[in-house]
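Here's a quick tour of a protein fold for anyone just starting out. Have a look at the sequence and the 3D view, then read on.

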Amino acid sequence: MHADKRNAKNLKAILTRYCKSSGQKFSVEKSSIFFSENTNVAVTEEVCTSLNIMKESLNDKYLGLPALVGADRSDHFRHLVDIVRERINGWKENMLSMRGKEVLIKSIAQAVPVYAMMVFKIPQNIYKGIADVISQYW
């Protein structure tokens with residue numbers, strides 16, 4: 001939508017109507033807004049003020065995933081490999097049978113990147129990194 005005061009007012013009216021009809025509340029503290037890079041600073045301030053919402057920076061995350069992802073996605077998803085590595089390093093492999101390791105890998109290690117994979121196309125090198133970590137454990 002075009003960033004201007006009129007659209008901000010309309011959006012606020014829509015959110016208010018939604019809250020009244022659904023019984024849900026709109027949390028200003030948890031809300032943020034993105035603007036295009038070429039949006040005038042005065043316009044962004046005006047819209048943020050009328051909506052009473054903070055402008056969000058590009059490096060923020062939402063539900064554990066990056067809010068915006070550029071062309072080079074590898075850096076944004078490197079944390080998935082680290083999370084799998086941390087989980088696997090926490091397991092005591094000496095006390096587990098092969099079936100126990102298999103259950104852990106299937107239920108934990110392979111489940112970590114599932115949400116990110118549903119939202120974004122993950123780069124191949126991230127898949128390879130996760131597979132390497134799992135292979136080293138196996």
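What follows is a short briefing, grouped by topic.

This is a predicted model, where local features need pLDDT of at least 70, side-chain atom pairs count only at pLDDT 80 or more, and totals for chains, interfaces and linings use all residues. Residues are numbered from 1 along each chain as its sequence is written, and side-chain values use heavy atoms, with hydrogens and water left out.

**Overall layout**
- The protein chain has six helices and four strands; these are DSSP runs numbered from the N terminus (helices: H or I, at least four residues; strands: E, at least two).
- Starting at the N terminus, the order of elements is α-β-α-β-β-β-α-α-α-α.
- Of the 138 residues in the protein chain, 28% are buried (buried is under 20% relative accessible area, exposed is over 50%, partly exposed is in between, using a 1.4 Å probe and protein chains only).

**The nonpolar cores**
- A nonpolar core is a set of buried Ala, Val, Leu, Ile, Met, Phe, Trp, Tyr and Cys residues joined through side-chain atoms within 4.5 Å.
- The largest one has 17 residues, and Phe77, Leu80, Val84, Ile88, Ile122, Ile130 and Ile134 touch the most other members.
- Helix H3 (74-89), helix H4 (98-109) and helix H6 (124-137) each give at least two residues to this core.
- Another core, of seven residues, lies apart from it, and its members include Ile33, Phe35, Leu51 and Ile53.
- Which residues does Ile134 contact, leaving aside its neighbours within four places in sequence? They are Val84, Ile88, Ile105, Ala109 and Gln110 (contact means heavy atoms within 4.5 Å).

**Salt bridges**
- The whole structure holds two salt bridges, each being a side-chain nitrogen of Lys or Arg within 4 Å of a carboxyl oxygen of Asp or Glu.
- Asp82 and Arg85 form one of them (3.2 Å, N to O); they sit three residues apart in helix H3, so about one helical turn separates them.
- Asp82 is partly exposed at 33% relative accessibility, and Arg85 is partly exposed at 36%.
- Asp132 and Lys128 also meet in a salt bridge (3.1 Å, N to O), and because they are four residues apart in helix H6, they are separated by about one helical turn.
- Asp132 is partly exposed at 33%, while Lys128 is exposed at 51%.

**Cysteines**
- Cys19 is buried at 18% relative accessible area, and Cys48 is buried at 12%.
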